[in-house]
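Subject: Structure handover

Hello,

Here is the structure I promised to pass on. Please open it next to this email.

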Amino acid sequence: WLLLGSEHRHEEFIKSSYYEAFQEENPGATVGITVFSEALKKFRKLVSDPKPESCVDEKVSGLENAMDALYRVLISPDVKQILQHYEPNEGETSLDDLLGVLQRRSSHQMVELVCCRKEEQPDLHIDKSTECPQMIPFRCTHGKNTKVALRVGNKRYKRECVANTACECCGIGKRLGNILEMLEEVDDLVANKEIEVSVWCEARRQGKTKKGKNNTQRELQTKIMTVVELIDHFEELLEICIPHIQEIRWIKLLQDIDFTKMPPDTIIIFTDFAAVMALRAREAKNSSVDAHAICCNQVVLWNKRVVKVSGKRKGEDGEEVDIEEEITISNCDYIHFFAETFEPGKKNDHSMHNTGLDDTIETYRAKLRELGIELKRVIIWTDNAPHQYRCRQTFIQVASVELRHPGIEVVHCLAIVDNFKGIHDAIGKEPSRLVKDLEKIGIRSPNALAVFVNCILHLETTETEWDRCEAAGSIKLKKKGKYGMNSRVM
């Protein structure tokens with residue numbers, strides 16, 4: 001999951017023991033990048049060493065767990081018998097298509113299954129070297145549809161539409177309605193069958209809040225539901241995820257547009273806080289408490305430019321030919337800010353973010369001046385955390401930027417709630433992993449200052465492979481993408 005692009009993944013696959021075993025079973029056979037890329041699309045996600053996931057999108061996760069439970073219902077022998085004669089009407093989803101999406105637990109594919117086909121969006125097609133972006137029509141995901149619905153016992157009554165500006169050609173009822181109704185109405189034994197479902201709920205934790213209430217946190221827990229309750233639960237989550245996933249796609253396109261249109265006098269910053277670092281000592285007393293450190297990560301894109309590269313590539317006849325082309329790249333710097341904290345759940349949040357942002361603006365204003373460019377605009381992308389970014393302290397800092405940095409405009413973009421994933425998440429793991437590895441060989445990091453010093457000594461870098469490729473004009477520079485690292489500083 002840390003590999004950049006399908007070409008890099010394909011290169012690592014060719015070197016793997018799996019490919020070696022494949023060739024032993026199929027002498028003379030090969031797997032090209034086209035076949036490999038198509039095969040990847042059939043999987044939800046690929047990781048070499050799965051780890052517990054943090055900052056999970058609760059809406060997407062909840063839907064995918066409901067899909068997993070519904071899939072187990074649909075493949076059970078008694079339900080298979082009920083649905084064996086099911087024939088979809090015009091516009092309805094086939095049972096095989098539904099089972100395929102449920103099996104893959106893909107919330108994005110489920111949303112696409114119940115909505116109209118994607119349409120090209122010419123107004124979002126800024127980079128003409130790429131295909132025109134496609135999205136589900138907004139009338140299908142954000143059209144207003146006020147309904148009155150009744151359910152008595154296990155029986156579903158048709159919902160009367162009071163006000164409707166939504167698409168009339170798609171939706172859960174039109175695409176999946178008959179399949180779900182058959183499960184509810186054909187057999188009471190099936191409708192009342194109990195299923196284990198993983199749901200997000202409030203879990204009790206030790207301690208009290210300032211108001212005297214019990215501490216809780218959101219986490220997955222197992223709940224027993226009947227098939228009828230599961231269907232209602234699934235429909236409710238799918239209704240929530242239809243606009244949610246559309247907005248995720250829209251935000252991703254806006255980020256791509258920011259990069260495509262980025263002029264020389266603009267920098268783009270993606271920033272987020274990493275998980276609080278537990279500075280666990282290699283040798284400790286019984287019941288000892290760990291020290292902690294905060295890590296704020298920034299990924300800065302700047303100095304976008306066009307460079308000429310050359311190299312060799314195999315032609316259609318299999319022979320190598322010399323090629324020369326122009327590619328667009330930018331510098332991508334990783335920045336880590338560290339600070340002390342005495343409790344694992346406490347962060348400096350907006351104060352640390354605002355201090356780091358001011359420092360980054362001054363740093364890159366100076367760097368661009370060395371290139372004869374005056375920094376005029378800073379675009380910053382963050383998540384929607386209310387105590388870190390979506391708060392008055394941060395907004396005041398953005399509104400008053402002219403007082404501290406005359407001539408500079410800051411545009412603060414907030415991502416979709418619960419969903420701001422990207423390279424800024426991945427880079428936060430490196431300092432934490434380094435501290436743990438150093439601890440194993442006796443190099444201590446007892447506090448945030450020591451973490452800062454050790455990361456400077458062992459992690460900071462100002463020259464990478466991409467700088468060497470650009471100096472040599474190598475075709476390998478194409479693999480850099482947007483986020484190939486040029487430097488990492490503390």
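Below are notes on strands, helix packing, one proline and a cavity.

This is a predicted model, in which local features need pLDDT of at least 70, side-chain atom pairs count only at pLDDT 80 or more, and totals for chains, interfaces and linings use all residues. Residues are numbered from 1 along each chain as its sequence is written, and side-chain values use heavy atoms, with hydrogens and water left out.

Helices (H or I, at least four residues) and strands (E, at least two) are DSSP runs, numbered from the N terminus. Two strands pair if DSSP finds at least two bridges between them.

**Strands**

Strand S11 (residues 291-314) and strand S12 (residues 320-341) run antiparallel, joined by 21 bridges. They form a hairpin with five residues between them. Glycine 318 sits in that turn, with a positive phi of about 90°. Lysine 314 is opposite glutamate 320 of S12.

S12 also has a parallel partner, strand S15 (residues 487-489), through three bridges. There, isoleucine 335 has valine 489 in S15 as its bridge partner.

Strand S7 (residues 194-208) pairs with strand S8 (residues 214-226) in the antiparallel sense, over 13 bridges. Glutamate 196 is bridged to isoleucine 224 in S8. The hairpin of S7 and S8 has five residues between the strands. Glycine 212 in this hairpin takes a positive phi near 85°.

**Helix packing**

Axes are lines fitted to C-alpha atoms, for helices over the stretch in contact, and angles run from 0 to 180 degrees between N-to-C directions. Angles under 35 degrees count as roughly parallel, over 145 as roughly antiparallel, 65 to 115 as roughly perpendicular and the rest as oblique. Contact means heavy atoms within 4.5 Å. For residue classes, Ala, Val, Leu, Ile, Met, Phe, Trp, Tyr, Cys and Pro are nonpolar, Asp, Glu, Lys and Arg are charged, and the others, Gly among them, are polar.

Helix H7 (residues 107-114) packs on helix H11 (residues 227-260) at about 95°, with the axes 10 Å apart. The two are therefore roughly perpendicular. H7 contributes Ser107, His108, Met110, Val111 and Val114, while H11 contributes Phe234, Leu238, Cys241, Ile242 and Ile245. This contact has eight nonpolar, two polar and no charged residues.

Helix H9 (residues 172-185) crosses H11 at roughly 170°, and their axes come within 10 Å. That makes H9 roughly antiparallel to H11. On the H9 side are Ile172, Leu176, Leu180, Leu183 and Glu184. H11 residues in this contact include Val227, Ile231, Asp232, Glu235 and Glu239. The class count is ten nonpolar, no polar and four charged.

**Proline 243**

Proline 243 lies in H11. Leaving aside neighbours within four places in sequence, proline 243 is in contact with Thr141 and His142. Glutamate 374 is 131 residues from proline 243 in sequence and 40 Å away in space, C-alpha to C-alpha.

**Cavity**

On a 1 Å grid over the protein atoms alone, a cavity is a set of points where a 1.4 Å probe fits but cannot get out; lining residues have an atom within 4 Å of a point. Grid points are joined across faces, edges and corners, and a volume is the space filled by probe spheres set on the points.

The structure holds one cavity of 30 Å³ or more. The largest cavity has about 30 Å³ of space. Its lining is Leu357, Asp358, Ile361, Gln397, Val398, Val401, Arg404 and Val410. Helices H12 (350-370), H13 (392-399) and H14 (401-404) each supply at least two lining residues. H12 gives the most, with three. The lining divides into five nonpolar, one polar and two charged residues.

Best wishes

Notes
On a 1 Å grid over the protein atoms alone, a cavity is a set of points where a 1.4 Å probe fits but cannot get out, and a pocket is an open set with protein on both sides within 12 Å along at least five of seven lines; lining residues have an atom within 4 Å of a point.
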